Amino acid sequence: MKTCLVVDDSKVIRKVARHILETLNFRVSEAGDGREALDACLVSAPDVVLLDWNMPVMSGMDFLRALRDSAIPTRPKVVFCTTENGMAHIRAAIEAGADEYVMKPFDRETLESKLQIVGMA
């Protein structure tokens with residue numbers, strides 16, 4: 001079973017994403033900010049990370065940079081999850097190491113297609 005770490009400071013978003021991912025046969029874990037997510041990845045890297053952009057403690061961009069600089073043997077695929085639809089934000093995320101992005105709010109179909117693009121569905 002593939003694993004996904006959902007990283008978002010909104011408990012509601014994490015719950016919605018968890019529900020969708022579980023219907024897609026993912027084992028899901030959650031983190032409330034980038035620091036928690038990085039710690040979780042260092043312990044046991046998931047197959048894919050669904051990552052929020054704006055969070056307290058450590059933002060999604062800071063998490064991406066830290067993940068890239070870490071000694072994790074197998075880097076998870078990262079799908080950036082954001083309300084920011086400007087091309088500059090999307091380009092910055094991809095340049096920092098995101099594999100794909102999805103706009104909030106998203107549904108099962110949209111998330112599944114993004115996961116297929118990164119080879120995870």
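View 1. L5 is part of strand β1, which spans residues 2-7; strands here are DSSP runs of E of at least two residues, helices are runs of H or I of at least four, and both are numbered from the N terminus. The model is predicted, with local features requiring pLDDT of at least 70 and side-chain atom pairs counting only at pLDDT 80 or more, while totals for chains, interfaces and linings use all residues. Residues are numbered from 1 along each chain as its sequence is written, and side-chain values use heavy atoms, with hydrogens and water left out. L5 counts as buried because its relative accessibility is 2% (buried is under 20% relative accessible area, exposed over 50%, partly exposed in between, with a 1.4 Å probe and protein chains only). Apart from neighbours within four places in sequence, L5 contacts S29, E30, A31, A37, A40, C41, P46, V48, V49 and L50 (contact means heavy atoms within 4.5 Å). From L5 to R18 the C-alpha to C-alpha distance is 9.1 Å, at a separation of 13 residues in sequence.

**View 2. Packing of helices α2 and α3.** Helix α2 (residues 34-43) packs on helix α3 (residues 60-69) at an angle of about 25°, and their axes are 9 Å apart. Axes are lines fitted to C-alpha atoms, for helices over the stretch in contact, and angles run from 0 to 180 degrees between N-to-C directions. The two helices are therefore roughly parallel (under 35 degrees; over 145 is roughly antiparallel, 65 to 115 roughly perpendicular, the rest oblique). From α2, the residues in contact are G34, A37, L38 and C41; from α3, they are F63, A66 and L67. By class, this contact has 6 nonpolar, 1 polar and no charged residues (Ala, Val, Leu, Ile, Met, Phe, Trp, Tyr, Cys and Pro are nonpolar, Asp, Glu, Lys and Arg charged, and the others, Gly among them, polar).

**View 3. Crossing of helices α1 and α5.** Helix α1 (residues 11-23) and helix α5 (residues 108-117) cross at roughly 65°, their axes coming within 10 Å. I20, L21 and T23 of α1 meet R108, L111 and L115 of α5. The classes here are 4 nonpolar, 1 polar and 1 charged.

**View 4. The aromatic pair W53 and F80.** The whole structure holds 1 aromatic pair. The ring centres of W53 and F80 are 4.9 Å apart and the planes stand at 50°, so the pair is tilted (centres of Phe, Tyr or six-membered Trp rings within 6.5 Å; under 30 degrees is stacked, over 60 edge-to-face, the rest tilted). Both W53 and F80 are buried.
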